[in-house]
Amino acid sequence: QNRQTTTFAMNDNVPTTFVETDFARFFVPLVHQLKDNDHYIYRHANGVCVIGIPPTHPAVVAASREGAHVRVTFEKADSAGGTGKRKRQAREVNLGTKIATVAVSDSSSGDNESLFVVRSVVRGRLVDLSKLYHEGATRDNARLLAAKCLDEGYFAVVQEYASNNKFQPETAAVEAAAATTTTTK
């Protein structure tokens with residue numbers, strides 16, 4: 001009996017992390033029709049979506065500067081999560097709903113502060129907000145956002161509505177922009 005074994009070399013074609021194997025990754029450009037206001041979505045087959053901003057976003061670029069401080073303020077943080085299996089009391093979010101405000105400054109006193117808004121790019125229930133961002137403007141927030149924006153530096157987890165389980169990445173940016181120009185949240 002001659003057995004053959006196959007060895008897989010680590011390369012770009014073989015997924016190595018949980019996110020790479022179980023989540024479809026989408027890039028949504030020009031959210032709210034603003035230049036450089038891009039977001040990403042990691043979407044699981046069960047409709048759970050992780051929302052964040054990519055390394056090219058101006059907030060991430062500013063946070064990576066020496067001495068930068070970042071303050072993250074979540075919108076209605078007490079209404080995130082809900083209870084039970086289906087998270088029925090969780091806050092509902094639509095396309096363009098404001099999730100967080102990111103303030104990036106040159107120092108902890110807030111000098112030369114730039115504000116950026118993170119918005120929902122899917123419809124559903126807000127299941128979780130990131131607990132890794134600390135209160136106030138801190139260097140830890142800046143390091144998290146600058147170094148780990150694509151994984152631990154996410155902002156929200158949204159459970160997509162069941163009727164909306166066929167996410168269309170090419171139309172998400174257009175729908176999000178249209179929703180945010182007609183309503184302000």
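## Strands 1 and 2

Let's start with a residue pair: Ala 24 sits across from Arg 43 of strand 2. In this predicted model, strand 1 and strand 2 (residues 39-44) are joined by six bridges, running in the antiparallel sense.

## Aromatic pairs

Searching the whole structure turns up three aromatic pairs. One of them brings together Tyr 133 and Phe 155: the ring centres are 5.2 Å apart and the planes meet at 10°, so this pair counts as stacked. The cut-off behind that label is planes under 30 degrees apart.

Where do Tyr 133 and Phe 155 lie in the chain? Tyr 133 belongs to the loop between strand 8 (124-129) and helix 3 (139-148), while Phe 155 belongs to the loop between helix 3 and strand 9 (156-160), so the pair ties together parts 22 residues apart in sequence. Both Tyr 133 and Phe 155 are buried. Together with Phe 74, Tyr 133 and Phe 155 make up one aromatic cluster.

## Cysteines

How many disulfides are there? The count is zero, taking a pair of cysteine sulfur atoms within 2.5 Å as the criterion.

Are Cys 49 and Cys 149 buried or exposed? Cys 49 has a relative accessible area of 0%, so it is buried. Cys 149 is buried as well, with a relative accessible area of 4%. The threshold that both values are judged against is under 20% relative accessible area.

How values were computed:
Residues are numbered from 1 along each chain as its sequence is written. This is a predicted model: local features need pLDDT of at least 70, side-chain atom pairs count only at pLDDT 80 or more; totals for chains, interfaces and linings use all residues. Side-chain values use heavy atoms; hydrogens and water are left out. Rings of Phe, Tyr and Trp (its six-membered ring) pair if their centres lie within 6.5 Å; planes under 30 degrees apart count as stacked, over 60 as edge-to-face and the rest as tilted. Helices (H or I, at least four residues) and strands (E, at least two) are DSSP runs, numbered from the N terminus. Buried means under 20% relative accessible area, exposed over 50%, partly exposed in between (1.4 Å probe, protein chains only). Two strands pair if DSSP finds at least two bridges between them.
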